[in-house]
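Hi everyone, thanks for making time today. I'd like to walk you through one model, and please stop me whenever you want to look at something again.

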Amino acid sequence: KSAVSGLEFGVVPYGDAPRLMSLGEDKRLVEYNLVDSDIESGLRVRCAHKVTQGAIPTGMLWCQELLLDSKCMPRPRAGGKPTAIDVILMATNEYKLKVHATDM
């Protein structure tokens, strides 16, 4: 058990299911299964991923790639159709920002 650095609610584009994610000082990004969770059994974990090895996360933001500068994320190749990608921005105790593309 460790302190929570970030907590984000959201809805995946083109979907209607709410999502809840947390990022902790244990360097784990956890997504919770809100559909199968209830008051008696509590929040159920959908998946958990270790997101960093050295730095300790201090905060997170879940947003779309369209909100970021074009230098942060690669663009589609010639002829490719631009699409919005969900990303997670993480701040660390080393005063750095890390960008992780999601597969939602």
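First, some housekeeping. This is a predicted model, so to speak of local features we need pLDDT of at least 70, and side-chain atom pairs count only at pLDDT 80 or more, while totals for chains, interfaces and linings use all residues. Residues are numbered from 1 along each chain as its sequence is written, and side-chain values use heavy atoms, with hydrogens and water left out.

Now the layout. The protein has zero helices and seven strands, where helices (H or I, at least four residues) and strands (E, at least two) are DSSP runs numbered from the N terminus. Along the sequence that reads β-β-β-β-β-β-β. Of the 104 residues, 34% are buried; buried here means under 20% relative accessible area, exposed means over 50%, and partly exposed is in between, with a 1.4 Å probe and protein chains only. Taking contacts with a separation of 6 or more, 40% are between residues 24 or more positions apart, a contact being heavy atoms within 4.5 Å.

So what makes up the largest nonpolar core? Eight residues do: Met21, Leu23, Leu29, Val51, Met60, Trp62, Ile88 and Met90. Strand 2 (18-24), strand 5 (57-64) and strand 6 each supply at least two residues of this core. The term covers buried Ala, Val, Leu, Ile, Met, Phe, Trp, Tyr and Cys residues joined through side-chain atoms within 4.5 Å. Have a look at methionine 60: beyond its neighbours within four places in sequence, its contacts include Met21, Leu23, Leu29, Ile88 and Met90.

On to the charges. How many salt bridges are there? The count comes to two, using a side-chain nitrogen of Lys or Arg within 4 Å of a carboxyl oxygen of Asp or Glu. Glutamate 31 pairs with arginine 19, with the closest N and O atoms 2.3 Å apart. Glutamate 31 sits in strand 3 (residues 28-38) and arginine 19 in strand 2, so this pair ties together parts 12 residues apart in sequence. Glutamate 31 also forms a salt bridge with arginine 46, at 3.0 Å from N to O. Here the partner lies in strand 4 (residues 42-50), so parts 15 residues apart in sequence are tied together.

Next, the outside. Val4, Leu7 and Phe9 form a nonpolar surface patch with about 340 Å² of accessible area together. For patches, residues need over 30% relative accessible area and no salt bridge; like charges are joined within 9 Å, and nonpolar side chains (Val, Leu, Ile, Met, Phe, Trp, Tyr) within 5 Å. Leucine 7, in strand 1 (residues 4-11), counts as exposed because its relative accessibility is 51%.

Last, a few single residues. Threonine 92 is in strand 6 (residues 86-92) and is buried at 4% relative accessibility. Cysteine 47 is partly exposed at 25%, whereas cysteine 63 is buried at 9%. A search of the whole structure finds zero disulfides, meaning pairs of cysteine sulfur atoms within 2.5 Å.

That's my tour. Over to you!

Conventions. Areas by Shrake-Rupley, 256 points an atom, 1.4 Å probe, with all protein chains shown as cover.
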